[in-house]
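Student: I'm new to this one. Could you walk me through how to read it?
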Amino acid sequence: MSDDLELEQLKAAISAATPAPDAAQRARNLALAQKNFETLQGSKDAARLSSDAPRRGLFRGVIDMLRTFPAKATLTATTALVAVGLVIYLPELSRLPAPGDLLGAPEEVVVIEVDDAPVATGTASTAAAKMAGERLQTGEAPVATMMAPQAELALDQARPAPAPFVIVAEADTESYPEADPNPLKVTAQEPVSTFSIDVDTASYGVVRSSILNGYLPDPQAVRIEEMINYFPYAYAAPTGGDLPFSTQVTTFGTPWNPGTRIVHIGLQGRMPETAERPPLNLVFLIDTSGSMSQPGKLPLLKQSFALMLGQLRAEDSVAIVTYAGSAGQVLAPTPASERATILAALNALDAGGSTAGQAGLQQAYAVAEAMADEGEVSRVILATDGDFNVGLSDPEALKDYIAGKRDSGTYLSVLGFGRGNLDDATMQALAQNGNGQAAYIDTLNEAQKVLVDQLTGALFPIADDVKIQVEFNPATVAEYRLIGYETRALAREDFNNDRVDAGEIGAGHSVTALYEITPVGSAARLTEPLRYGAATEDAAAAVSGELGYLKLRYKAPGADVSQLIETPIRGEGAASDDMRFAAAIAGFGQLLGDGKYLGDWSWGEAIALANGARGKDAYGYRAEAVRLMRLAESLAAQQ
């Protein structure tokens, strides 16, 4: 069969499928379209003459192009196109509405024709529909045939503009523990202060992330003790004996109030030799839910854990459990020496689904217990954005569950990634009750600090359930307040109760706590003395050389009975760079809150104090803090 004959048959098939034209209807519709055009344009003037009038018909240009092709080329190029066109357009013929069906319709129906043959339907503008309704009342058909280019332009101009494209930002669902700043206490009424130590650093990371993103942090996200303890301090390590940490107490002038004093308490944990540490069994519990897909979440998590692998020894083991909708083990316990196998399992992780945190925790603990052997250390490291939206999502329920697991010797630490739905309250509940630590990782530099530089301290505790109790002397101290540790407060009777959980100190960790005290007779006193309180103060005068008495309790890892350390708090001492820098960070944290006890102490004074007390800042952590304070000052000035 020749190419010309095939082309003629194809044309015949198309013609057979096309309804016969109605010349009378065509003329009426053309007149209507012209009338609509003139009405919508707002002018009844005749169209201007042109020597280059367009030829009518929707596909006229395509037809003219095809006429220039030879028959064989035309057949080759158009066979598939015509077939697709038949599939798209011909079914529309069966869906064309009858004129009677349009009565009462809110919009006019428009039929587009090619050489009098309808090929598609659509809706016209509101104005055209109104005119169509008028024609219906006279019995005329409201169908307009869009043949003239002027009519097409008229309808395009009459159509309403499309709605603007709006980007809906992801809802901010972050949550933080709700705790009011510690109030001022009158020593004669309440001389004893009790709290658990805290070596978490997550709050500082969240504060830094907020400021670097151009806004001040939520005041509930600011935990001053975690900001202070973010930084390493050169406190003297314990020498000799069996004590796991040293204790240092110093009193010096308060930077923001010349009438008060700072009582600085510093603990320094012992650092055992690396060769002495037992084999380590690690279970990475990784959140792979849909909320972890952002670059600062799962991708950063993979890079962070890859850094940590370089710190493990050949006798250590790693397993990986993930959770997203359901939990699963993606890497069986594997020697840390098989780095390529572990990295391959990490890099294969993808984010998707909801967050089945409960199932993930249960499986991770089961894997850790199966890995445990005599003399070895087992740890679960949970990496998440904190979005526990399936299972035990209530912090109290999670607290009870984790508390029931920690006695097995498997501790839980939590690493937070990303912002937007960071559930800091849940992370704190998990870490505090899992005898682990909480950190927030927003950069690879922070991963280096947490998972490389401080890995030993994070995974190998040297003292469990460490509690601090201070009894102030009413003969020398009129008022006091603990700066920070609001979420770590304990009842007075909890100090001697070994069943009450408290924080852990890891190998080489330092812990800092600050009190601001008002000496008796100071003009800075904020409360009036009691009329009948003099007898109590006189009774304490026998030991008036002491400002107070410090007691600490701790347990050796795995022990059930605590040990007691006691030391008096005496008068003025010399403040080191470490102490002054810690005070500057305490001021930084208060400036981010209400700052009610700072008087007129300014951002500039806080920055100057921190900048002058940087001391030996090997990795630039303190210099970074000064930059954050300067930026926070600028952000605060905008409010």
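Tutor: Happy to, and let's begin with helix packing. Two packed helices are described by the angle between their axes and the distance between the axes. Axes are lines fitted to C-alpha atoms, and angles run from 0 to 180 degrees between N-to-C directions. Keep in mind that this is a predicted model.

Student: What are the distance and the crossing angle for the axes of α18 and α19?

Tutor: The axes of α18 and α19 come within 9 Å and cross at roughly 175°. Angles over 145 degrees count as roughly antiparallel, so α18 is roughly antiparallel to α19.

Student: Which residues make that contact?

Tutor: On α18 they are Trp603, Gly604, Ala606, Ile607, Ala610 and Asn611, and α19 brings Val626, Met629, Arg630, Ala632, Glu633 and Ala636. Sorted by class, the contact of α18 with α19 has eight nonpolar, two polar and two charged residues.

Student: How many residues does α19 have, and how far does it reach?

Tutor: Helix α19 covers residues 621–637, which is 17 residues. From its first C-alpha to its last it reaches 25 Å, close to the 24 Å expected at 1.5 Å a residue.

Student: What do the buried residues of α19 pack against?

Tutor: Their partners are α7, α14, α17 and α18. Among the buried residues of α19 are Tyr621, Ala625, Leu628 and Leu635.

Student: Let's zoom in on a single residue. Is arginine 223 buried or exposed?

Tutor: Buried means under 20% relative accessible area. Arginine 223 has a relative accessible area of 4%, so it is buried. Look for arginine 223 in the loop between α7 and α8.

Student: Which side chain makes a polar contact with the side chain of arginine 223?

Tutor: That would be aspartate 424, at 2.6 Å. Setting aside residues up to four places away in sequence, arginine 223 touches Pro177, Ala202, Ser203, Asp424, Gln428 and Thr487.

Student: And where is glycine 266 found?

Tutor: Glycine 266 is in strand β7, residues 257–269. Glycine 266 has 0% relative accessibility, so it counts as buried. Beyond its neighbours within four places in sequence, glycine 266 is in contact with Tyr235, Ser246, Thr247, Gln248 and Val511.

Student: What about backbone angles: what is the phi of aspartate 465?

Tutor: Aspartate 465 has a positive phi of about 50°, although it is not a glycine. Aspartate 465 is found in strand β14, and is buried, with a relative accessible area of 10%. Tyrosine 485, also not a glycine, has a positive phi near 65°. Tyrosine 485 lies in the loop between β15 and β16, and is buried at a relative accessible area of 1%.

Student: Zooming back out, how many helices and strands does the protein have?

Tutor: There are 19 helices and 19 strands. Buried residues make up 48% of the 639 residues in the protein. As for contacts with a separation of 6 or more, residues 24 or more positions apart account for 79% of them.

Conventions
Residues numbered from 1 in each chain as written. Predicted model: local features only at pLDDT ≥ 70, side-chain atom pairs only at ≥ 80, totals over all residues. Heavy atoms only, no water. Helix = DSSP H or I, 4+ residues; strand = E, 2+ residues; numbered from the N terminus. Buried < 20%, exposed > 50% of the residue type's maximum accessible area, 1.4 Å probe, protein only. Polar contact = N/O pair within 3.5 Å; in protein donor to acceptor, adjacent residues only side chain to side chain. Contact = heavy atoms within 4.5 Å. Expected span 1.5 Å × (residues − 1). Parallel < 35°, antiparallel > 145°, perpendicular 65-115°, else oblique. Nonpolar A, V, L, I, M, F, W, Y, C, P; charged D, E, K, R; others polar.
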